[in-house]
Amino acid sequence: MTGVSVRDVSQRDRRVCLLTGAGGTLGSAFCHRFAGTYAIAAVYHHRLPGAPTQHDRIFDPLDPHAMRTGDDTAVHAFPADLSVAGDAERVVHEALARFGSIDLVVHAAAHAVWAPILGNGRLLASARRQFDISVVAALELATAVADRCWRGREAENEARNRNVVHLSSSAGVYVYPGQGQAVYAASKAALNTLTCHMADELRPLGVRVNALAPDSFPHRVSLDAVLDRIRALDESRVTGQIVVLEEAGETLV
Amino acid sequence: MTAQPLARSLTPEPAASLNLAHVLANRHWRWRAEPFPHVVAERVFTDEVYASFAHELRSRLEGTWPADGPGFHRNMRGYDALGMDFHPGWTGPLRFFLSRAWHDCIAEVFGVAASGHVSGGLHHHKPGSASGQIHNDLNPGWFAEYESADGIMVTRPDVCRYATGETEPPGLPVTEVVRGVAVLFYLENLSWSPGDGGTTGLYRGATDNVEVPVLEVAPRDNTLLAFECTPTSFHSFVRNRRHPRNSLIYWLHRPKADVVARWGEAAIVHWSR
């Protein structure tokens, strides 16, 4: 019997990743690809992560009443609405209760509404939520993780190369007219600026902070390219960088 | 009119029944509770078996498979996909899905007292096919009775309309049952990648936005999605943007009385004429 994929890294050796937006296209792909690389605390809202979770049960179809256990490839999924005050802190608390520490924060959650500024109230109605999830939640997550896990552990943070990756967008760097991206782009621009300040203020803790700003994926930039770059940022030693990822390659801002 | 049994000449041979332990590559199937209970398994069959399935589908799409019944055609109300239905005279490796062994395995996985009645076929969604409507598959199905050595009764579209039980010639003995378990098996979607669409969306309710499923099952080759058909097994095809989406659909059935006892007569979703 071949069986499902067997990952080469055991649970105890894996870095712990707190991932938001785990039910989205990128988040699900991240879970699918890196569940064997990281122990993933996968924070989702409406959509479930498209990867095995702790709630799944494994069984043999030829002996379905004898459930198997011990699935190292499952992510630990937490439902949350990061626009609600306190939810970011709660998921950090739950992730730490489950895994004991957090080495990497990937903030990929977003509420993206593209609509013209004038003509209807849709954009205005969505604006606060877009900023809350992109920017305020990023701040809340980092603050909560720093307070509960990173503060006072500078040497450990350095040794484990702890860091934050914000999933931004090239729309936060360039203006694409006529796309209805006003608020979306503004929220990503704010996230980029927050990233730079956060990198500066978390540097004394030995924690790095960077943002990845890809062009539209998976259509103009492949999903694999985005995942590769998140992984590369985690493995690097850089901080305070906004990496713009486009079809033609990448640039640093 | 007195019901007459089908002529023996219409009686098909039983489907080839393979030893499942020899054809299954993955015996770690995954049971998931949300948004409704379902099973997902990847790399289901051995490479050799899967390749034979894929070859048959490819040949049928290309029109090079020896004719054993109606080929691909538009046969699904509300969908712009092409399909072809299983029938007792089906030839080729995919006849495996009509076997007693497969039927009993799926029935046992879900604890469904299945009746031996089987329907399904192949679906082909061209690139740009529209999303379907959210539905639960708790539908009735009518089967013409015929002699079957292994007790598996496959739909006979040539003599009995699955949706109504009307027969040609009229008056043939038929049985009404209800779909018990749905199985979707994805194959020949070689270039699929996230963002391509063509997924099967799972939902919490019939009025959810079809484009925003609670969970999407990717149509990766040699992957299976299965669920018991219940009043809440809401699912739909989600539009495919760039590549064709191919799948095999399989339903086993259960006695209508079981469904009525469990959920009531009103839970059965009858076909619109």
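This is a predicted model: local features need pLDDT of at least 70, side-chain atom pairs count only at pLDDT 80 or more; totals for chains, interfaces and linings use all residues.
1. In chain A, eight strands form an open sheet with mixed pairing, in the order β5-β2-β1-β6-β7-β8-β9-β10. The edges are taken by β5 (76–79) and β10 (249–252) of chain A, each of which has a single partner strand, so one side of each is left without a neighbour in the sheet. From one strand to the next, the twist averages 20°.

2. Helix α1 (residues 25–34) of chain A lies across β1 (15–20), β2 (38–44), β6 (104–107) and β7 (163–167) of chain A, and runs at about 160° to β2(A). Helix α5 (residues 182–202) of chain A, for its part, lies across β7, β8 (208–214) and β9 of chain A, running at about 160° to β8(A).

3. Between the chains, 25 residues of chain A are in contact with 26 residues of chain B. On the side of chain A that touches chain B, at least two residues each come from α1, β3 (57–60) and β4 (63–68) of chain A, and β3(A) gives the most, with four residues. By class, this side of chain A has twelve nonpolar, eight polar and five charged residues.

4. In chain B, helix α2 (residues 47–62) has 16 residues and reaches 22 Å from its first C-alpha to its last, which is close to the 22 Å expected at 1.5 Å a residue. Its buried residues are B:F53, B:E56, B:L57 and B:R60, and, seen down the axis of α2(B), they fall within an arc of 95°, so they line one face of the helix. An α-helix has 3.6 residues a turn, so residues three or four places apart point the same way.

5. The buried residues of α2(B) pack against β3 (82–85), β4 (117–125) and β12 (245–255) of chain B, whereas the face turned away from the buried side carries the exposed residues B:D47, B:E48 and B:E62. The helix α2(B) is followed by B:G63, whose phi is positive, near 80°.

Notes. Residues are numbered from 1 along each chain as its sequence is written. Chains are lettered from A and ligands numbered from 1 in the order in which they are written. The expected span of a helix is 1.5 Å times one less than its number of residues. A residue is buried if 20 or more other C-beta atoms lie within 10 Å of its own, exposed if 12 or fewer, and partly exposed in between; C-beta atoms are placed from the backbone. The arc is that of the directions from the helix axis to the C-beta atoms. Two residues are in contact if their C-beta atoms, placed from the backbone, lie within 7 Å. Two strands pair if DSSP finds at least two bridges between them. Axes are lines fitted to C-alpha atoms, for helices over the stretch in contact, and angles run from 0 to 180 degrees between N-to-C directions. Ala, Val, Leu, Ile, Met, Phe, Trp, Tyr, Cys and Pro count as nonpolar, Asp, Glu, Lys and Arg as charged, and the others, Gly among them, as polar.
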